[in-house]
Amino acid sequence: MKKTTGILFLILIIITAIGGYAYLNRAPAVRKSTVFAFDTVINLTVASEEAQQILDECEREIYRLDKLFNVHSPMSEISQLNLNGGISPFEVSDELYGIIERSIGYSRKTHGAFDITIKPLVDLWDIKNEKPSVPSDRCIKDNLEKVSYKNIVTGKNNEISFLSPDTRIDLGGVAKGYAADRLCDIIRSHPHSWALVDLGGNIYCTGDRSFSIGIQHPDKERGEYFCVTDVKNASVVTGGGYERGFAEDGKYYHHIISPYNGYPADSGLKSVTVTGSSSEMCDAYSTAVFVYGRELAEELCRTDEDVSFIIMDKNGKIEEIK
Ligand code: AMP
Ligand code: MG
């Protein structure tokens, strides 16, 4: 009898130990969420015991940032700055001040190819309009004169002013990248195994595994890739004219505008992918290299060790620049 009790007790201990081991080693819950903001579909995937809490926090952050960057809402901070910055110094939040200061830095590093004062030209081309059309050369010239990051003055106490009354800021070139960085901060503040944030081409992956990221072929159906890149704890941002635009008289006009001539950029590239630790920087650099051309990718790789590029030119030639 005693022997049977002993054996039963032993079996119970073994079952408890196996159960405990399985509990401690169980795969964390994987949860996904899809949100529409920044004019794009945002997909979040998180593997964590706190996945739902993380997703809820991320969604709140997405909506907060969407409001902050919204140049179409007259009450947004950026619209208030656009309205007042040309009249007198206007005090903005630490967050907006930081984004604008860093954006000026990206302009300096990219010979002005990236320029957040592009707004008058973005408005003129009005690519989101139901019936967009090519503006006249005269109008393009007039609005081009309004564009220069050198007209933004960042002063003390978070004050920003414009040297010209016509200066207007559009943060569309860094908004998704900045948001990806913030979402990643939220995820990293929680215990998690891995996570993937995808803001329509702006990707950030974090955690203990690497990810194979497919790069959209600019001439093919959505989901058809021309290359796959493996990344771990980094952002991958792809930009190109194929994403948004319209055709007129057999010519295609897209949404990335050259601050050099006021027309949709035509540097000979079709797609620019940037990998690095700051999604905001990758976002700005993808736009800048698309505007300026491949030489800028080489230049940026020399100064920023953290970034690398995969570019496709008009002839379909693919090149990796590290
Ligand atoms: P993306 O959606 O990342 O391709 O960013 C393009 C957006 O950036 C456009 O929709 C404009 O709002 C803005 N943009 C266009 N051209 C430029 C430029 N040369 N420099 C900075 N921002 C730009
Ligand atoms: Mg971009």
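Phe38 counts as buried at 10% relative accessibility; buried means under 20% relative accessible area, exposed over 50% and partly exposed in between, with a 1.4 Å probe and protein chains only. This is a predicted model: local features need pLDDT of at least 70, side-chain atom pairs count only at pLDDT 80 or more, and totals for chains, interfaces and linings use all residues. Residues are numbered from 1 along each chain as its sequence is written, chains are lettered from A and ligands numbered from 1 in the order in which they are written, and side-chain values use heavy atoms, leaving out hydrogens and water.

**Aromatic pairs**

- Rings of Phe, Tyr and Trp (its six-membered ring) pair if their centres lie within 6.5 Å; planes under 30 degrees apart count as stacked, over 60 as edge-to-face and the rest as tilted.
- The count by this rule is 9 aromatic pairs.
- One of them joins Phe38 and Phe69, a tilted pair at 6.1 Å centre to centre with 50° between the planes.
- Phe38 lies in the loop between β1 (30-37) and β2 (40-47) and Phe69 in helix α2 (residues 51-69), so this pair ties together parts 31 residues apart in sequence.
- Helices (H or I, at least four residues) and strands (E, at least two) are DSSP runs, numbered from the N terminus.
- Phe69 is buried as well, with a relative accessible area of 8%.
- Trp194 and Phe211 form an edge-to-face pair: 5.8 Å centre to centre, 70° between the planes.
- Trp194 belongs to strand β6 (residues 194-199) and Phe211 to strand β8 (residues 211-216), so the pair links parts 17 residues apart in sequence.
- Both Trp194 and Phe211 are buried.
- One aromatic cluster consists of Trp125, Phe246, Tyr253 and Tyr263.

**Charge over rings**

- A charge sits over a ring if NZ of Lys or CZ of Arg is within 6 Å of the ring centre and within 35 degrees of the ring normal.
- Arg209 places its charged end over the ring of Trp194, 4.7 Å from the centre.
- The charged end of Arg209 also sits over the ring of Phe211, 4.0 Å from the centre.

**Sheet of 8 strands**

- Two strands pair if DSSP finds at least two bridges between them.
- An open, antiparallel sheet of 8 strands runs in the order β1-β2-β6-β7-β10-β13-β14-β15.
- Its edge strands are β1 and β15 (318-321), each pairing on one side only.
- Strand β13 (residues 269-276) and strand β14 (residues 308-313) pair antiparallel over 6 bridges.
- Ser271 stands opposite Met312 in β14.
- Helix α8 (residues 279-292) packs on the sheet, touching β7 (202-207), β10 (234-239), β13 and β14; its direction makes about 155° with that of β13.
- Contact means heavy atoms within 4.5 Å.
- Axes are lines fitted to C-alpha atoms, for helices over the stretch in contact, and angles run from 0 to 180 degrees between N-to-C directions.

**Sheet of 3 strands**

- An open sheet of 3 strands has the order β3-β5-β4, with antiparallel pairing.
- β3 (90-91) and β4 (152-154) are the edge strands.
- β3 joins strand β5 (residues 159-162) through 2 bridges.
- Glu91 has Glu159 in β5 as its bridge partner.
- Helix α4 (residues 94-109) packs on this sheet, touching β4 and β5, and its direction makes about 120° with that of β4.

**Cysteines**

- The structure holds 0 disulfides, a disulfide being a pair of cysteine sulfur atoms within 2.5 Å.
- Cys282 has its closest cysteine sulfur in Cys301, 11 Å away and too far for a bond.
- Cys282 is buried at 0% relative accessibility.
- Cys139 is partly exposed at 33%.
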